[in-house]
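These are my notebook entries on one protein chain. I set down what I looked up, entry by entry.

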Amino acid sequence: MHIRVKVGYMELIQILKSLNDETRLRVLNLLMKSELCAGEIGYLLNSNQSNTSRHLSALKKATLITSKKKAQWTFYSINKDILDTHGFIRILLESELPQLDLYVKDIEIFQKYKVSGQSCINLKNCNSSNCK
């Protein structure tokens, strides 16, 4: 069950600002496929922890993603309510981004990562030869 989110003018401005960043769009692209922990997102995008955290924070502030703690890890997922409220975001993420080479490459890397059996728990053992 999804609760319809009522978004005001300033909230919409925050959403639009957060969408004006390639890395954030890449994060959303990955999260459309699966819930991921911060370490996985950073690994998949070849981004350091600080940069990844900054982008996740901006997306969360804009209510585009949600987070939940599982043990010592924080997992992120797309806020489905926002997709329902703002159809243009759904169109962007489901129809437009998948046509662009960079985003297709990110999904290919994601799929190889998932097949490798890696996860947040054993990500530290992951290197370019066995995950990407």
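Which exposed residues does the face of α4 turned away from its buried side carry? I found Q49, S50 and K61 there. I took buried to mean under 20% relative accessible area, exposed over 50%, and partly exposed in between (1.4 Å probe, protein chains only).

Before going on, I noted that this is a predicted model, in which local features need pLDDT of at least 70 and side-chain atom pairs count only at pLDDT 80 or more, while totals for chains, interfaces and linings use all residues. Residues are numbered from 1 along each chain as its sequence is written, and side-chain values use heavy atoms, with hydrogens and water left out.

**Entry: helix α4**

I looked up the buried residues of α4 and found T52, H55, L56, A58 and L59. They lie on the same side of α4, because they cover an arc of only 160° around the axis; the arc is that of the directions from the helix axis to the C-beta atoms. An α-helix has 3.6 residues a turn, so residues three or four places apart point the same way.

I then checked the span of α4 (residues 49-61): at 1.5 Å a residue, its 13 residues should span 18 Å, and its end C-alpha atoms are 18 Å apart, which agrees. The expected span is 1.5 Å times one less than the number of residues. Helices (H or I, at least four residues) and strands (E, at least two) are DSSP runs, numbered from the N terminus.

The buried residues of α4 pack against α1 (9-19), α2 (22-31), α3 (38-45), β2 (65-70) and β3 (73-78). At the start of α4, I found a side-chain oxygen of N48 within 3.2 Å of the backbone nitrogen of S50. After α4 comes T63, with a positive phi near 65°.

**Entry: the disulfide**

I counted one disulfide (a pair of cysteine sulfur atoms within 2.5 Å). C37 and C120 form it, with their sulfur atoms 1.5 Å apart. C37 lies in strand β1 (residues 36-37) and C120 in the segment after α7 (101-115), so the pair ties together parts that are 83 residues apart in sequence. C37 is buried, at 3% relative accessible area, and C120 also counts as buried, at 11%.

**Entry: residue I41**

Which residues does I41 touch, leaving aside those up to four places away in sequence? I listed V27, L31, L36, T52, L56 and Y76, where contact means heavy atoms within 4.5 Å. Of these, T52 and L56 are among the buried residues of α4.

Terms used:
A polar contact is a pair of N or O atoms within 3.5 Å; within protein, one must be able to donate a hydrogen and the other to accept it, and residues adjacent in sequence count only if both atoms are side-chain atoms.
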